[in-house]
Amino acid sequence: MDILFHIGRYFQLLGQVFSRPERLSLYAKRTVEEVDLLGVKSLGIVALLSVFMGAVITIQTASNIDAAWIPRYVVGFTARQSVILEFSPTIISLILAGKVGSSIAAEIGTMRVKEQIDALDIMGVNSAGYLILPKIIAAMLINPFLIVISMFLSIFGGWVVCVATGVVSPNEYISGLQWDFDPFTVTYALIKTVVFAFAITSVAAYHGYFTQGGALEVGRSSTTAVVFSSIVILIANYMLTQILLV
Amino acid sequence: MIEVQGVSKRFGEVQVITDITATFQKGLVNQIIGKSGSGKSVLAKCIVGLYKPDEGRVLYDGRSFHELQLEEKRVIRQEIGMLFQSSALFDSMSVLDNVMFPLKMFARMSMAEMTDRARSCLERVNIVDKDKLFPSELSGGMQKRVGIARAIAMNPKYLFCDEPNSGLDPQTSILIDELILELTQEFNTTTIVITHDMNSVMGTGQNILFLHDGRNWWHGSREELLMSENQELNDFIFASDLMRQARKHMGN
C-alpha cells in the first residue's frame, strides 16, 4: 500500500509542477541555469566514462571473438550497436541518476528542512513548479546532447584502443562502425534519454520535496532518490525497448 | 484582522490543537505563546495555510482562507509577509535578490523600481552595504533582518513572525522585537508573533494568546497577563527567577 501512496503523491506533485507558472521569464531564466548545473557540469564525468566505456567494450568484444569465420570488423559493429542502443543512453543515465538525482534531492530536501519551500508557499509561489519544472525541462533538453557526445566519445575510445593496442586494426574498426547502420537506433536512444531525464529529475525532486526532518533525512532522501530513479530507468528501459524495437 | 474560529488539527492519533478561537487585531503585535509542543507552530501553519485544519476556519478580513479557490488563496498569500524561525532565506541568492524575489514574482515593476524598493526595505531594517552578500555570510541577527525586509517588500497586510528571537543574543532580540513593533505600527499590519521568549512578550506583546495542551488557555493583554491567576499561565510566565522577581517588585 505504501508504494501506491507514493505513486499517487508523485502524480499529484507532477500536477502541481505542470500548473501555470506565475512569471514565465523567471522560469526560463532558471531553466537556463539548470541546463548549466545539470548538463554542462556533468560533461566531464560523462566524457571520462564514455571514453573508457568504449575502450573496454572494444577490447572485450575483440577478445571474445575467437572464431576465424567471424570478420574482425564485427568488433566495430558490436561496439557501435552496444554504445548507441544501451551503454550511452542507459548507463550514462544511470550515472546521471547518481550524480544529478542525488544533488536535486539534496538541494530540494535542504530547502524543505530549512523552511525555504514553506517561504515560497506562503508568498503564493507554486513551489513545486518553481523548483522542479525548470530542472525537468533542463534535463530533457540537455541530456540528449550529453548522450550524443557520449556516443561519439565511446566510439572514439574504441578507436583509440585499436590504434594503441592493435586489438583490431583501425580500418576494420571503422568499417565495422559503418556496416549496416540503422539511423533509428539513434532515435530510439534519444527517446530513451528524454524519458530517463524526466524520470531522474522528477523522481529525485519528489524525494527531496517531501523530505521531513533534518540533515540525516536529507541524506536518506538523496540515497532513496538515486535508488528509485535507477529502478524507474531500468523499468522504462525494458518497456521502451519492447515498444520501440520489437 | 485575522479571526480563528474553532480550529482543530490532528496528526494521526495525536490531537495537536483543539477548538481554538481567537481574534488577532490589526495594527497590534498579537502574540501566541506557550511551552514547546503546545501547538503554537501548528496553529500558525493552519493560519498561514500550510496546514488545512480538520475543523474550524481562518478568516482574513472576513475571507475564509481554506474555503477559497487556489487563485484566491494566492491573492491572500501575496498580502502575507512571514519571518521564519530559521529566516528561510534562499541560500543561492544574494541579500538583495532575496528581498527582490517576491517583487520579481508578483510586482509589476521595472528592474530599477524593484531594486529601489528592495534597497529601501533593507535600509528600513538597518541593513546597508550588504546587498551582494549571501545569507551564509551574515550573522543570525542580520539574517532575521533580511527576512523581515523580504517579508515587508510587498507591503503586507498580515505579518507573521515565527520565534523571531530564537538563537539571538538579548540585545539583538530586543532590536528585532522593536523593529517588528515599529513596522506593525508603520504599515498598520495584523502582526502575529509566535514566541516563548518572555522578554519579547513583556516588551512588545499587545494582544496575547496562551496555548496549553493545544487549547486556547488564556487570552488578554500584557498587563492582564501579569496579574492573571491562571495556574498554567503563571507556571509558564514565572518559570524564570527574573520574572518571579519582577512580579514581586510589581506587587510591592
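Student: Which residues touch the most other members of the largest nonpolar core?

Tutor: A word of care to begin with: this is a predicted model. In the largest nonpolar core, which has 125 residues, the ones that touch the most other members are I200(A), L43(B), I47(B), M82(B), V99(B), A149(B) and F160(B). The biggest contribution comes from helix α6 of chain A, residues 127-165, with 16 residues.

Student: How do you know that this core lies between domain 1 and domain 2 of chain B?

Tutor: Domain 1 (1-79 + 158-164 + 177-252) and domain 2 (88-155) of chain B both give residues to the core, so the core lies between them. Taken over C-alpha atoms, the centres of these two domains are 26 Å apart. Six residues of domain 1 are in contact with eight residues of domain 2 in chain B. On the domain 1 side, helix α6 of chain B (residues 170-187) supplies the largest share, three residues. By class, that side has five nonpolar residues, one polar residue and no charged residues.

Student: What is F160(B) in contact with, beyond its neighbours in sequence?

Tutor: Leaving aside residues within four places in sequence, F160(B) is in contact with A44(B), V48(B), I80(B), M82(B) and I192(B). A contact here asks for C-beta atoms within 7 Å.

Student: What makes I237(B) a buried residue?

Tutor: Compare its count with the cut-off. Buried asks for 20 or more other C-beta atoms within 10 Å. I237(B) has 21 such neighbours, so it counts as buried. I237(B) is part of helix α9 of chain B, residues 231-237. Not counting residues up to four places away in sequence, I237(B) touches M198(B), L225(B) and M243(B).

Student: And A88(B), is that buried or exposed?

Tutor: The same test applies. A88(B) has 24 other C-beta atoms within 10 Å, and the cut-off is 20 or more. Therefore A88(B) is buried. A88(B) sits in the loop between β6 (80-83) and α3 of chain B. A88(B) also has a positive phi of about 55°, although it is not a glycine.

Student: Why is N155(B) called partly exposed?

Tutor: Exposed asks for 12 or fewer C-beta neighbours, buried asks for 20 or more, and partly exposed is in between. N155(B) has 13 inside 10 Å, so it counts as partly exposed.

Student: What makes β2 and β5 of chain B edge strands?

Tutor: Begin with the order. Four strands of chain B form an open sheet, β2-β1-β4-β5, with antiparallel pairing. β2 (14-24) and β5 (63-64) each have a single partner strand, so one side of each is left without a neighbour in the sheet.

Student: How do you know that β1 and β2 of chain B are paired?

Tutor: Pairing asks for at least two bridges. Strand β1 of chain B (residues 2-11) is joined to β2(B) by seven bridges, and the two run antiparallel. Within this pair, V7(B) stands opposite I20(B) of β2(B). Helix α1 of chain B (residues 40-48) lies across β1, β2 and β4 (55-60), running at about 120° to β1(B).

Student: What lies between β9(B) and β10(B) in their hairpin?

Tutor: Two residues lie between the strands, and D213(B) in the turn has a positive phi of about 55°. Five bridges join β9 (residues 207-212) to β10 (residues 215-220) of chain B, and these strands run antiparallel. In this pair F210(B) stands opposite W218(B).

Student: How many helices and strands does chain A have, and how does chain A meet chain B?

Tutor: Chain A has nine helices and zero strands. In the meeting of the chains, 13 residues of chain A are in contact with 15 residues of chain B. On the chain A side, helix α5 (residues 116-123) gives the largest share, six residues. That side has five nonpolar, two polar and six charged residues.

Technical notes: Residues numbered from 1 in each chain as written. Chains lettered and ligands numbered in written order. Predicted model: local features only at pLDDT ≥ 70, side-chain atom pairs only at ≥ 80, totals over all residues. Core = buried A, V, L, I, M, F, W, Y, C linked by C-beta atoms within 7 Å. Domains from an automatic or database assignment. Contact = placed C-beta atoms within 7 Å. Nonpolar A, V, L, I, M, F, W, Y, C, P; charged D, E, K, R; others polar. Axes fitted to C-alpha atoms, helices over the stretch in contact; angles between N-to-C directions.
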